[in-house]
Amino acid sequence: MTLMSTHELFTRHSLRCTRQRIAIYEALRQCMSHPTAEELFRMVQSETRGLSRATVYNTLEALSKAGLVRQLATANGCCRYDADTSEHLHVRLRETAEIRDVPLDLGAQLVENLPASVLKEIERRMGIRIEGVNVQLLASDAA
């Protein structure tokens, strides 16, 4: 399977394909730290002529609406961004608020071992149907 170019991806999702948008999306795809909009702006600013903070925020909003980027809320109200929109777990470091991906095999093990009886009881008591589980682990740096 060949990877789709960013231009093809944007076209498929009816997004304008500008130099700034490509730079922002490519930087986010290559970044493993799930940056804030401000961090992403600083990462891309020097190599993208005419880039403004507003362009970064507007691009992230457009990419989020198109389903190409996931917004990750944090405890301090700041939003971080992830270009990996597949279902996977995150760990948030308390000291830095950095968000990292949990290795896929371990995340799958954790979700698979959630007690089905508890999930069913939640559905029954609340009158809802659980369609997925979103887990974010909170951690401190190892001493």
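**Exercise 1. Which residues have the most contacts inside the largest nonpolar core, and how many residues does that core have?**

Keep in mind that you're looking at a predicted model.

- Step 1: Count the members. The largest nonpolar core has 21 residues.
- Step 2: Ask where the core comes from. Helices H1 (6–12), H2 (19–30), H3 (37–45) and H4 (53–65) each put in at least two residues, and H2 gives the largest share, with 5.
- Step 3: Zoom in on leucine 60. Leaving out residues up to four places away in sequence, Leu60 touches Ile24, Leu28, Ala37, Leu40 and Tyr81.

**Exercise 2. Work out what the salt bridge between arginine 53 and glutamate 38 ties together.**

- Step 1: Check the pair. Their side chains meet at 2.9 Å, N to O.
- Step 2: Arginine 53 sits in helix H4 and glutamate 38 in helix H3, so the bridge links parts 15 residues apart in sequence.
- Step 3: Look at accessibility. Arginine 53 is partly exposed at 44%, and glutamate 38 is partly exposed at 22%.

**Exercise 3. Describe helix H6 and what follows it.**

- Step 1: Judge the cover. H6 is hardly covered, with 1 buried residue among its 11.
- Step 2: Find a salt bridge. Arginine 124 and glutamate 121 meet at 2.6 Å, N to O; both are in H6, 3 residues apart, about one turn of the helix.
- Step 3: Spot the patch. Val118, Ile122, Met126 and Ile128 form a nonpolar surface patch, together about 350 Å² of accessible area.

Notes
Residues numbered from 1 in each chain as written. Predicted model: local features only at pLDDT ≥ 70, side-chain atom pairs only at ≥ 80, totals over all residues. Heavy atoms only, no water. Patch = residues over 30% accessible without salt bridge, like charges linked within 9 Å, V, L, I, M, F, W, Y side chains within 5 Å. Areas by Shrake-Rupley, 256 points an atom, 1.4 Å probe, with all protein chains shown as cover. Salt bridge = Lys/Arg side-chain N within 4 Å of Asp/Glu carboxyl O. Core = buried A, V, L, I, M, F, W, Y, C linked by side-chain atoms within 4.5 Å. Buried < 20%, exposed > 50% of the residue type's maximum accessible area, 1.4 Å probe, protein only. Helix = DSSP H or I, 4+ residues; strand = E, 2+ residues; numbered from the N terminus. Contact = heavy atoms within 4.5 Å.
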